[in-house]
Amino acid sequence: MAYAAFRSIGAYAPSKVLSNDDLAKMVDTSDEWITKRTGIKERRIAANDEFTSDMGVKAAKLAIERSGLDKSEIDMVVCATISPDYFCMPSTATIISTKLGLGNVTAFDISAACTGFVYILSIAKAFIESGMKKNVLIIGAEKLSAITDYTDRATCILFGDGAGAAVISATDNKDEAIIDIHTGADGQFADLLMSPNGGSGSFHDTLEQEATSCFMQMKGNETFKVAVKTLTKDVVEILKENSILASDIKHFVPHQANLRIIKAVGDALKLDDEQVVLTVEKYGNTSGASIPMAINDIYESGRLQAGELMLLDAFGGGLTWGSALVPFSPLK
Ligand code: ACO
């Protein structure tokens, strides 16, 4: 049987910084409120002519280069995004694979909001373990600034742009393999976090509604409570099912939505501060890009070494959630 190994990571963050002080000039908020309630100090914003696919390509190039593979060996591309270049078609994954010159590959997007990266990791694992694919490029890429209402202080302080990518490859060596992945969803909470317009489920009376049709809306406080409860339950279960202790985790890489959510889940697992990976302060919430951007952060700072075990953990619109036990397994 083939196993799936997490070979490499890459990420990209646009250069433009939007600070809390910048936001305080746009809506009724303050650096103090945002820092205290979210842990976010700044986020990155893509240029007008910089699309989700452009950021995805930059992250993917690094991931392919670091995988030690030739790009011709990639046989599938999956992109997790809620801010695709085009809402209906073509998929952002097909645009990315063409910009990378990957030729004839399977390519598609999935929509699982902030849980997107855990979902595409599970898809890559399943395709590899079934023998259908050998080297899968997975990308979480978001231009959330394009679907954020910068007059709504409840949401605009949270989100940023960026991309992260990883190469997942077939291996015979079980020690290198992704151990387990949980994914879940419950549509009864759909209204907590959604872009209520712009799809076949809505219609527009005015041009103004049409123009703002994709903006995100969130019931933040209710989402917060469900997030803490769901995430804590899920990580406890995945560790227990795999007979792994929280102390065996080298890097806990949670979705970077809110420092208070991350701390609550970390405390429930009794994790030390050194185990918890944090990028929320500098990137905010980049949805599907957030986990791979955080993994890239520890990789580039030399904190992530071959063989070290990561626990990934995410929660987002849908509602969706997921967790994964992933050893970092670069080719020697
Ligand atoms: N600046 C100042 N005051 C604000 C702001 C702001 N930016 N936003 C809200 N407030 C006010 C509210 O109006 C409210 O005022 P009131 O008490 O007079 O009514 C007060 O602050 C408290 O508001 P809450 O919404 O209760 O604040 P909370 O502590 O819950 O923090 C936050 C809000 C940061 C959004 C938090 O609820 C959160 O992080 N929620 C979870 C987000 C999440 O995990 N989403 C899932 C992933 S995202 C995805 O899938 C795309």
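Here is a short chat about a predicted model of a protein chain with a ligand.

Modeller: Some ground rules before you ask: this is a predicted model, where local features need pLDDT of at least 70, side-chain atom pairs count only at pLDDT 80 or more, and totals for chains, interfaces and linings use all residues. Residues are numbered from 1 along each chain as its sequence is written, and side-chain values use heavy atoms, with hydrogens and water left out.

Biologist: How many helices and strands does the chain have?

Modeller: Helices (H or I, at least four residues) and strands (E, at least two) are DSSP runs, numbered from the N terminus. On that basis the chain has 11 helices and 13 strands.

Biologist: What is the radius of gyration of the chain?

Modeller: That radius is taken over C-alpha atoms, and the globule rule is 2.2 Å times the number of residues to the power 0.38. For 332 residues, a compact globule would come out near 20 Å, and the chain agrees with that at 19 Å.

Biologist: What percentage of the residues of the chain count as buried?

Modeller: Buried means under 20% relative accessible area, exposed over 50%, and partly exposed in between (1.4 Å probe, protein chains only). Of the 332 residues, the buried share is 55%.

Biologist: Which residues come nearest to the ligand?

Modeller: A residue is near a molecule if one of its heavy atoms lies within 4 Å of it. There are 27 residues around the ligand, and those that come nearest are T29, R37, C114, N258 and G317.

Biologist: Which side chain has an N or O atom 3.0 Å from an oxygen atom of the ligand?

Modeller: We're looking at polar contacts, meaning a pair of N or O atoms within 3.5 Å; within protein, one must be able to donate a hydrogen and the other to accept it, and residues adjacent in sequence count only if both atoms are side-chain atoms. A backbone N or O atom of G220 lies 2.9 Å from a ligand oxygen, and the side chain of W33 has an N or O atom 3.4 Å from a ligand nitrogen. The side chain at 3.0 Å from a ligand oxygen is that of R260.

Biologist: What share of the ligand does the protein bury?

Modeller: Accessible areas come from the Shrake-Rupley method with a 1.4 Å probe; for residues, only the protein chains shown count as cover. Taken alone, the ligand exposes 1,000 Å², and the part buried by the protein is 75%.

Biologist: Which element gives the largest share of the shell around the ligand?

Modeller: Elements giving two or more residues include α2 (31-38), α9 (259-268) and β12 (309-316). The largest share, 4 residues, comes from α8.

Biologist: Which backbone oxygen does the side chain of T223 reach?

Modeller: T223 has its place in helix α8 and counts as buried because its relative accessibility is 7%. Leaving out residues up to four places away in sequence, T223 touches L192, M218 and F315, where contact means heavy atoms within 4.5 Å. At 2.6 Å, its side chain reaches the backbone oxygen of K219.

Biologist: And L231, is it buried or exposed?

Modeller: L231 also sits in helix α8. Aside from neighbours within four places in sequence, it is in contact with I261, V265, D313, A314 and F315. With 6% relative accessibility, L231 counts as buried.

Biologist: How many of the 11 residues of helix α11 are buried?

Modeller: Among the buried ones are S290, P292, M293 and N296. Helix α11 (residues 290-300) is largely enclosed by the rest of the structure, because the number of buried residues is 8.
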